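Reader: I am new to this structure and would like to be taken through it step by step. Could we start with the overall make-up and then turn to single elements and residues?

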Amino acid sequence: MTGARPFAALLLSALLAACASSGDYPSLAQRPAERAQGSFATDPAQVAPLPPPAPSADLVARLAALRRDAAGHHAQFMAALPAAQRAAAAAGATGSDSWASAQVALADLDSQRSLTAVPLADLDALWVDSTIEAGPREAIGAVRDEVEALVRSEDEALGRLRARVG
């Protein structure tokens, strides 16, 4: 029985070798259908950019609401600014009552500034989404720039007052 095993293994390997060596194999050379045809424009001047997509009616309404919210909060900031300026101008030494009043007025302005910045955060999120999804970035960016200018002006006013109060 031990002699049958080597014989079976030899017979099996001979059969497998015969299967592997029979027949013609296809060529690995490139076939005509695999060749690229046509041309690829590499000059950016030859490629016309796609026009930006128009914002939807819902987006236009949302942008208007965000602009209105930011403008309303900015108006509240501007209304509170003169009182804060008077308090900052009257601020005495650190720890005095007048200094504490100025700090409270600055905190009130900080709160108003934060409320103006909330629509800016929403606009930033919309702008990022439109960048990723190739949306109406220009329409969002225009409103975003307006609101950012409001927040920047509030930051500058707060900076001047903080420098004065110390």
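Reader: How many helices and strands does the secondary structure of the protein come to?

Author: This is a predicted model, in which local features need pLDDT of at least 70, side-chain atom pairs count only at pLDDT 80 or more, and totals for chains, interfaces and linings use all residues. Residues are numbered from 1 along each chain as its sequence is written, and side-chain values use heavy atoms, with hydrogens and water left out. Helices (H or I, at least four residues) and strands (E, at least two) are DSSP runs, numbered from the N terminus, and from that end the elements run α-α-α-α. The secondary structure therefore comes to 4 helices and 0 strands.

Reader: What does helix α4 reach from its first C-alpha to its last?

Author: Helix α4 covers residues 137-165, which is 29 residues. The expected span of a helix is 1.5 Å times one less than its number of residues, and for α4 this expectation is 42 Å. The helix comes close to that value, reaching 41 Å.

Reader: Which helices do the buried residues of α4 pack against?

Author: Buried means under 20% relative accessible area, with exposed over 50% and partly exposed in between (1.4 Å probe, protein chains only). The buried residues of α4 include Ile140, Val147, Glu154 and Leu161. Their packing partners are α2 (57-89) and α3 (97-132).

Reader: Is histidine 74 buried or exposed?

Author: Histidine 74 lies in helix α2. Leaving aside neighbours within four places in sequence, this histidine is in contact (heavy atoms within 4.5 Å) with Thr116, Leu150, Ser153 and Glu154. With a relative accessible area of 14%, histidine 74 is buried.

Reader: At what angle do the axes of α3 and α4 cross?

Author: Axes are lines fitted to C-alpha atoms, for helices over the stretch in contact, and angles run from 0 to 180 degrees between N-to-C directions. The axes of α3 and α4 come within 9 Å of each other, and they cross at roughly 160 degrees.
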